[in-house]
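Here's a quick walk through the model shown below. We'll start with the DNA-facing surfaces, then look at the cores and a couple of local spots.

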Protein chains: 2
Amino acid sequence: MKRKITLKQIARELDVSISTVSKALRNSIEISEDTRQKVQAFAKLYNYRPNNIALSLKNRRTKTIGVIIPEIVHHFFSKVIQGIDNVANKRGYNVIVGLSNESFSKEVINMQMLANGSIDGFILSLSKETLLLQDYHHFNETINQGMPIVMFDRVVNEILCDKVIVNDSNGSKDAVNKLITNGCKHIALITTKDYVSVGKLRTQGYLKALEINKIAPESSLILKIDDKVVSEDHIEGIELEIEKLFNNNKKIDGVFAVNELYAISAMKVARKLNLNIPEDVQIIGFTDGVLSKHANPSLTTVSQHAESMGEQSAELLIDNLEREDEEDQYQTVVIETELIERESTK
Amino acid sequence: MKRKITLKQIARELDVSISTVSKALRNSIEISEDTRQKVQAFAKLYNYRPNNIALSLKNRRTKTIGVIIPEIVHHFFSKVIQGIDNVANKRGYNVIVGLSNESFSKEVINMQMLANGSIDGFILSLSKETLLLQDYHHFNETINQGMPIVMFDRVVNEILCDKVIVNDSNGSKDAVNKLITNGCKHIALITTKDYVSVGKLRTQGYLKALEINKIAPESSLILKIDDKVVSEDHIEGIELEIEKLFNNNKKIDGVFAVNELYAISAMKVARKLNLNIPEDVQIIGFTDGVLSKHANPSLTTVSQHAESMGEQSAELLIDNLEREDEEDQYQTVVIETELIERESTK
DNA sequence: ACTCAGACCGCAAACGTTTTCGTGTTGACA
DNA sequence: TGTCAACACGAAAACGTTTGCGGTCTGAGT
């Protein structure tokens with residue numbers, strides 16, 4: 001088990017100086033053809049590769065970007081990471097991930113761990129707890145230290161940085177519009193509490209669509225679910241709430257849910273109540289995940305183009321990192337959604 | 001925008017030497033109470049944190065582990081990453097991910113990028129192409145350079161390193177056994193081509209269960225699907241093959257599929273052919289993902305405890321990294337599966 | 001007054017690079 | 001033979017840490 005070979009070892013072995021080796025490997029004209037060949041041959045033989053850490057220290061850049069997301073076992077977020085990884089690789093960067101688990105303190109800790117030289121910039125989506133507490137000091141601190149941040153999906157206006165968001169309200173509006181043109185008269189909304197920015201925006205889209213179509217919103221048709229907890233675990237609670245919603249509003253003939261899980265749960269409840277989909281009730285979800293695609297019946301849904309979000313976030317960040325002039329002109333990229341029609345609507 | 005503060009700056013500001021600052025911050029008794037307080041106060045004020053890269057260079061360890069997986073938009077793999085991240089965080093390590101996209105060359109490139117000092121060790125699962133080509137030189141090279149590797153799930157015997165695998169054959173055997181005790185007489189197997197190690201093992205488990213129950217295997221009941229391509233995209237092809245399987249074997253009353261997608265596809269086909277689940281045909285899948293849980297009917301499945309796999313892989317790697325004696329005694333941890341019974345079986 | 005032990009602190013090396021600036025050796029040319 | 005450019009290479013600094021060692025005080029003990 002031989003350790004990785006260094007410039008110093010090559011130098012000693014070939015009886016030249018370290019600088020000569022370095023220059024020879026970088027094809028400097030300062031070095032004679034002879035020595036250059038000799039060094040390069042030797043380096044190739046021993047499979048020399050410059051030590052990344054040393055380079056990072058010298059260049060004061062790591063060519064690594066840090067990604068912090070609330071959870072990774074989630075179609076949307078993993079798709080975003082895939083997008084990030086695509087362009088990061090293409091542009092010579094590595095990706096290091098941190099999971100906040102929707103917790104404020106883990107988000108802070110993770111950022112501190114990475115902000116001390118390990119990475120050049122952040123791409124992140126805020127944890128629910130952070131959104132709830134509205135404590136954003138850690139973002140401002142890292143930005144003040146000259147480390148750029150790109151926020152995606154769950155963003156917050158108070159922070160000045162690049163952002164990539166989806167047109168949540170428009171997407172929702174279109175979805176609800178679709179339900180209305182499909183003949184739905186009493187459309188329920190299953191959404192999150194308002195502190196989740198995307199939930200709020202999607203709620204607005206729902207209301208907008210009703211307004212346009214001159215339908216009076218009924219508060220009894222709007223169910224705001226509070227899932228501070230990680231979603232996977234308390235589905236039963238969700239289903240219970242949805243069942244109450246249905247039972248209290250027998251005339252519901254359409255459902256718009258702000259995420260996949262809520263939509264699937266609504267489907268399950270509807271089935272339990274012997275409602276046929278899409279004949280008796282039509283359902284549309286948000287986020288085009290694997291569940292929507294393979295559900296039975298498959299779910300009409302609003303696609304957020306997660307991979308594209310990741311790609312654009314990465315481009316934005318790397319552009320910023322490699323920009324010479326220090327002119328920080330932050331931009332917000334808005335990605336349009338797309339309604340993917342499947343079997344849960346007529 | 002002030003850059004991150006360094007020891008040198010603190011030293012200059014307080015008119016002491018760099019070493020004094022360093023020692024003061026680490027509470028060395030060499031430094032007087034006075035200066036210690038002064039330095040620490042100043043450091044706290046300016047929110048000093050030691051530069052990670054410099055530390056990595058000095059200590060020749062990065063406290064970072066590299067994870068290379070075939071794809072991340074995949075419940076199993078993301079769950080493994082979550083497990084890895086759990087213990088990595090707990091033990092003070094960061095996680096940097098690389099995606100091979102099931103491609104051999106991307107796997108090699110990714111490993112080379114990370115092996116040059118960026119990380120202390122690897123946790124990885126082989127790409128399908130690597131398994132097909134059987135070219136493992138990159139693993140041996142990194143191991144020879146003193147960088148430990150832990151392989152999980154898709155492993156290969158030729159490489160000497162720690163491994164974490166699931167008891168594929170046993171899990172499959174139990175599943176098929178379950179079908180048999182549930183009354184199934186003609187059980188189909190939907191599996192992968194043999195070069196995928198786990199597919200092969202699960203096939204063996206299927207055969208074993210038949211053997212134990214004195215049922216003669218029929219080759220016409222075994223469907224080996226070749227999906228070199230990333231799975232998401234060509235589901236139609238899969239369904240077509242499965243439909244042929246059903247049509248050619250009208251007496252099929254049980255299906256064991258080596259992954260979730262195949263199982264779901266089988267369900268879809270069965271439904272299309274007006275077969276009731278679980279009355280006419282019972283189905284069991286492998287991998288307890290989100291699809292199985294929320295399918296309709298929900299899918300009985302063999303859980304691999306993905307998160308636990310990730311955790312154990314990380315423990316194994318970090319133990320190895322932090323072990324003083326160089327005694328490499330590689331171990332293979334076998335994780336037992338668990339049959340999770342849901343609605344797709346009686 | 002001399003010695004000596006602490007107490008307190010700085011120097012310098014080391015980790016592995018890259019790069020600037022020198023320095024010594026050629027050969028050509030006057 | 002002396003001068004000077006071209007050529008080939010080395011020394012050293014820098015990135016930001018940690019740490020062994022040596023140095024300079026002060027005060028106490030003889």
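Helices (H or I, at least four residues) and strands (E, at least two) are DSSP runs, numbered from the N terminus. This is a predicted model, so local features need pLDDT of at least 70 and side-chain atom pairs count only at pLDDT 80 or more, while totals for chains, interfaces and linings use all residues. Residues are numbered from 1 along each chain as its sequence is written, with chains lettered from A and ligands numbered from 1 in the order in which they are written.

A residue is near a strand if its C-beta atom, placed from the backbone, lies within 6 Å of it. Around DNA strand C, helix 1 (7-14), helix 2 (18-25) and helix 4 (52-59) of chain A each supply at least two residues, as do helix 2 (18-25) and helix 4 (52-59) of chain B. For DNA strand D, the elements giving two or more residues are helix 2 and helix 4 of chain A plus helix 1 (7-14), helix 2 and helix 4 of chain B.

Among the residues that come nearest to DNA strand C are A:Leu7 and B:Ser19; the closest to DNA strand D include A:Ser17 and B:Leu7.

Now the cores. A nonpolar core is a set of buried Ala, Val, Leu, Ile, Met, Phe, Trp, Tyr and Cys residues joined through C-beta atoms within 7 Å. Buried means 20 or more other C-beta atoms within 10 Å of a residue's own, exposed 12 or fewer, and partly exposed in between, with C-beta atoms placed from the backbone. The largest core has 87 residues, and B:Ile123 is one of those with the most contacts inside it. Leaving aside neighbours within four places in sequence, B:Ile123 is in contact (C-beta atoms, placed from the backbone, within 7 Å) with residues including B:Ile84, B:Val150 and B:Leu317. A second, separate core of 80 residues includes B:Leu221 and B:Ile284.

Why does A:Ile68 count as buried? Because A:Ile68 has 21 C-beta neighbours inside 10 Å. A:Ile68 sits in strand 1 (residues 64-69) of chain A, and its C-alpha is 44 Å from that of A:Ile29.

Terms used: Two residues are in contact if their C-beta atoms, placed from the backbone, lie within 7 Å.
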